[in-house]
Amino acid sequence: MVLAKPVDMFDRDREWAALTAFATSNQPNATLGVVSGRRRQGKTFLLESLCEAADGFYFAADQATEAESLRYLAAAVGEFAGARFPIAFDDWRQAVDGLLALAEDRQLPVVIDEFPYLVKATPGLPSIIQSALAPRRVERRRSRARLLLCGSAMSFMGSLPAGTAPLRGRAGLELIVPTLDYRLAASFWELNDPRLALRVHAVVGGTPAYRREFVEGDSPAGFDDFDPWVLRTVLNPASPLFREARYLLSEEPGMRDPGLYHSVLAAVAHGNSTTGGIASYVGRRSSDISHPLSVLEDSGLLRREPDVFRANRMLHRVAEPLITFYQAVQRPDWAEWERARDSARLWERRQHRFESNVLGPHFEQVCRDWSFDYAPAGFFGGYVNRVGSGVVNDADRRVSHEVDIAVFGERADDTEALLCIGEVKWNDVMGIGHLERLRRIRHLLSAKFDTTHTRLACYSAAGFMPALHTAAEEGEVLLIGLGDLYG
């Protein structure tokens, strides 16, 4: 059976296909799926739409006691089943069996949204579900329920089917609903100017709810409207976006010391990407911040990537643009932004922070994303299998060179090769000096890699000097601008 995607659902083709395939899988017995993703990515919209399309059962949990949650669930089950008399569940074992019984005569999705709320009140609930879905259990074998557990606490949801957790091996679907990438976000916000689209994405990223619910569809009318848009949305104390970055941390159950976590994120937002640099900024030992770093990574707020040229060196980057904007622009002047006495003037004074700490690093990440996801086939001379960044030591000149983009891939003989190294500049018109620097780095890397066919690339949002265009025409360098990034 094919379930049509709702006409008002933007993108999410992959997620909709996965959910509908799971819901209509024709398995002879009950099956389990886990759906996760950071809050406000559209998980609830997906699951409610699935239940509408397949006449399924949807229940959204609240923060409540076990007894109250069981009462609400019993009432919802009774209404869905058309029970003539009120039903009641004495405990969660009865409740789970009641959910399985909804699908004894046909397969249908049975959704429990905000599942972490229920587990907080009943820690043993995952074990109860495990027992209910035992392979030979009669209640499971006669049910065709497609039980879907959904939640936004990424660290918790990620642990449900992992390791030695009770539900390990029980789930037939593990779906993570991501944020929209930078190109999809531009379409979603209806922005055709790449300069404007990148600025907007550097502030709000690709979270759908930020446009639909948080700013009620308010999108910049043009490039000249960007600053007024920032002032009337994310820097407006009356807007839900104003405090959103602070709330993103409070929603994760594993964060016991919010001040420490904010400081760690601030360290990364201000350019400290290594563990040692973060620890120094925070004023703690490296061993003291290993747990906060892990929690932030599990929560999807930080990314950890290896330095592609130094295997033992890890780089940390903030995964949510709104958090970077908050840490770099809002948090240092929080009291002034809250008072909103002269926000326009303060925003003008803080443009340097926005340019250097937000736009510059964000543009680098977009260039890495383009190199991996959107570069034309063969653009780098091989099949791209990973893109990263790193540091190359220049012993003769006693300096270190940062490589913004390193593209690795497969040659025709299936061996991995360093296909390309690139430099990224947000505000600078790039010239021959940048090309010469890349040549030097390629020479240094020849001691570790076969760089015979390694290409050089310059990425710039400000453009390229004529001499660099000439070098590109001669095949010496690849030039990528904003227009290329947005296709």
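Modeller: The model shown is predicted. Let us begin with an arginine: Arg 211 has a relative accessibility of 13%.

Colleague: Does Arg 211 count as buried or exposed?

Modeller: The cut-off for a buried residue is under 20% relative accessible area. Arg 211 has 13% relative accessibility, and therefore the class of Arg 211 is buried.

Colleague: Which residue meets the side chain of Arg 211 in a salt bridge?

Modeller: Such a contact requires a Lys or Arg side-chain nitrogen within 4 Å of a carboxyl oxygen of Asp or Glu. For Arg 211 the N to O distance is 2.9 Å, and the partner is Glu 190.

Colleague: How many residues apart are the two members of that pair?

Modeller: Arg 211 belongs to helix H11 (residues 209-214), whereas Glu 190 lies in the loop between helix H9 (182-188) and helix H10 (194-204). The pair thus links distant parts of the chain, and the separation is 21 residues.

Colleague: Is Glu 190 buried or exposed?

Modeller: A residue is exposed when its relative accessible area is over 50%. Glu 190 stands at 57% relative accessibility, so Glu 190 counts as exposed.

Colleague: Which strands hold Glu 305 and Arg 317?

Modeller: The side chains of Glu 305 and Arg 317 form a salt bridge at 2.3 Å, N to O. Because the two residues sit in separate strands, the pair ties together parts 12 residues apart in sequence. Glu 305 is in strand E6 (residues 302-307), and Arg 317 is in strand E7 (residues 310-318).

Colleague: In which helix do Glu 364 and Arg 368 lie?

Modeller: Their side chains meet in a salt bridge at 3.9 Å, N to O. Glu 364 is partly exposed at 23%, while Arg 368 is buried at 5%. The two are 4 residues apart, about one turn of the helix, and both lie in helix H20 (residues 351-373).

Colleague: How many salt bridges does the count come to?

Modeller: Besides these pairs, Arg 12, Arg 14 and Glu 15 are linked in a network of salt bridges. The count comes to 27 salt bridges.

Colleague: How many disulfides does the structure hold?

Modeller: A disulfide needs two cysteine sulfur atoms within 2.5 Å. The structure holds 0 disulfides. For Cys 150, which is buried at 0%, the nearest cysteine sulfur is that of Cys 51, 11 Å away. For Cys 367 the nearest is that of Cys 458, also 11 Å away, and the number of disulfides is 0.

Key:
Residues are numbered from 1 along each chain as its sequence is written. This is a predicted model: local features need pLDDT of at least 70, side-chain atom pairs count only at pLDDT 80 or more; totals for chains, interfaces and linings use all residues. Side-chain values use heavy atoms; hydrogens and water are left out. Buried means under 20% relative accessible area, exposed over 50%, partly exposed in between (1.4 Å probe, protein chains only).
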